[in-house]
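I opened my notebook to look up how this chain is put together. Here is what I went through, entry by entry.

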Amino acid sequence: MTRFYEVDPIKPSANTHFDWLTVVLPMPTDRQRGGYSVREYISLILEKLYLGSYKWNQMNSGIYTYDFAEATANNSIIMGYSSEDDLTSNHDFMIQISGSGVESLESTFKDSNYSISRFVRDVLNYDGSFSRIDACVNYFNYPIEYSPRFVDGEARKGNLISTARRCKFVDNYSTKGALKNKKEAYMGAHEGATLYIGNNPKQLRIYNKLAERSQKVNILYDCKSWFRWEFQLNGIQAQGFIDSYVNSGCDLVQTWIDYLASNFRFIERVGTQKKRSR
């Protein structure tokens, strides 16, 4: 992942990365664990996934359907697991990694000559799966055609061909003062907007990341525009994306492009004719 301070303030650039990973790994029975407790077995798996160096803190309650939960990296990585009451049944445990957690993993893995791609492959090698992934492209200093407002306008004209039926545009943040011109409405840091295309388990979000960051941390970043196109995929959609990613040799850029192309395309309507534009 390219950190923001590495981005040129003027020239167009883009980067692709995972912004959320939810991993589910099987929990063997007591006999299969060879006498290890649930937590001891989890520690063994965490070591193999290069997560053993993290300090985990017990949370006050469980998470989702899991009895217990522990967090690390400022709660950006959360682990959930169940009790040992039923020792005859197979259980599973979960590792939930937010965007900040992915950044933390990258830093930790770099020190160990490990990587996100190896982490993904190792999860699959341990019979794990991915129940949610967010994969995004950040477009820095790109023109208004990449903005949520522009894409929403194209969708309203019928120029967006999509497998999704839902397309919803939302103004996220109120404008700080009057907009100077139309271009500022599309690209400015003060005007936040998000376009949602599709629903769970497959949704594409297009939003003004520059406005979101400026609003959340009150910093005006040094670039002209920052749009994020982000897939949130759950269940079989998430696992299908991961399978394609691994089959591509862990080429996230190509996997993302292929997924976008298989679900969305833009056309230009000229009278009754349709001319493909991109």
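**Ground rules.** I call a residue buried when its relative accessible area is under 20%, exposed when that is over 50%, and partly exposed in between, using a 1.4 Å probe and protein chains only. I am working on a predicted model, where local features need pLDDT of at least 70 and side-chain atom pairs count only at pLDDT 80 or more, while totals for chains, interfaces and linings use all residues. Residues are numbered from 1 along each chain as its sequence is written, and side-chain values use heavy atoms, with hydrogens and water left out.

**Entry 1: the whole chain.** I noted that 46% of the 278 residues in the protein chain are buried. I counted helices (H or I runs in DSSP, at least four residues) and strands (E runs, at least two), numbered from the N terminus. The tally is eight helices and 13 strands. Next I checked contacts, meaning heavy atoms within 4.5 Å. Of those between residues at least 6 apart in sequence, 64% join residues at least 24 apart.

**Entry 2: aromatic rings.** Rings of Phe, Tyr and Trp (its six-membered ring) pair if their centres lie within 6.5 Å; planes under 30 degrees apart are stacked, over 60 edge-to-face, and the rest tilted. By that rule I get 16 aromatic pairs. How far apart are the ring centres of tyrosine 146 and tryptophan 229? They are 6.2 Å apart with planes at 55 degrees, so this pair is tilted. Tyrosine 146 is in the loop between S6 and helix H4 (148-156) and tryptophan 229 is in strand S11 (residues 226-234), so the pair ties together parts 83 residues apart in sequence. Tyrosine 146 is partly exposed at 26% relative accessible area, whereas tryptophan 229 is buried at 5%.

I then looked at phenylalanine 231 and tyrosine 259. Their ring centres are 4.9 Å apart and the planes are at 80 degrees, so I wrote down edge-to-face. Phenylalanine 231 sits in strand S11 and tyrosine 259 in helix H8 (residues 252-263), so this pair ties together parts 28 residues apart in sequence. Phenylalanine 231 is buried with a relative accessible area of 0%, and tyrosine 259 is buried with 13%. Both belong to one aromatic cluster, together with Phe18, Phe241, Tyr245, Trp256 and Phe264.

Entry 3: A nonpolar core is a set of buried Ala, Val, Leu, Ile, Met, Phe, Trp, Tyr and Cys residues joined through side-chain atoms within 4.5 Å. The largest one has 54 residues, and Phe18 and Phe119 are among those with the most contacts inside it. A second, separate core has seven residues, including Val24, Ile63, Tyr66 and Ala69.

Which residues of helix H3 (residues 116-125) are buried? I found Ile116, Ser117, Phe119, Val120, Asp122 and Val123. Their cover includes strand S1 (13-27), helix H1 (38-48) and strand S6 (129-140). Leaving out residues up to four places away in sequence, phenylalanine 119 touches Leu21, Val23, Leu49, Leu51, Ile97, Phe109 and Tyr114. After H3 comes aspartate 127, with a positive phi near 65 degrees.

**Entry 4: the sheet.** Two strands pair if DSSP finds at least two bridges between them. Ten strands form an open sheet, in the order S2-S3-S4-S5-S1-S6-S11-S10-S9-S8, with antiparallel pairing. The edges are strand S2 (57-58) and strand S8 (167-171), each pairing on one side only.

At the S2 end, S2 and S3 pair over two bridges, and glutamine 58 has glutamate 70 in S3 as its bridge partner. Strand S3 (residues 68-72) has four of its five residues buried, so it is largely enclosed by the rest of the structure. Five bridges join S3 to strand S4 (residues 77-81), with phenylalanine 68 opposite tyrosine 81. Their hairpin has four residues between the strands, and alanine 73 takes a positive phi near 50 degrees there.

At the S8 end, five bridges join S8 to strand S9 (residues 193-199), and cysteine 167 stands opposite isoleucine 197. A hairpin takes S9 to S10 through two residues. Strand S10 (residues 202-208) is mostly covered, with six of its seven residues buried. Seven bridges then join S10 to S11, where tyrosine 207 has arginine 228 as its bridge partner.
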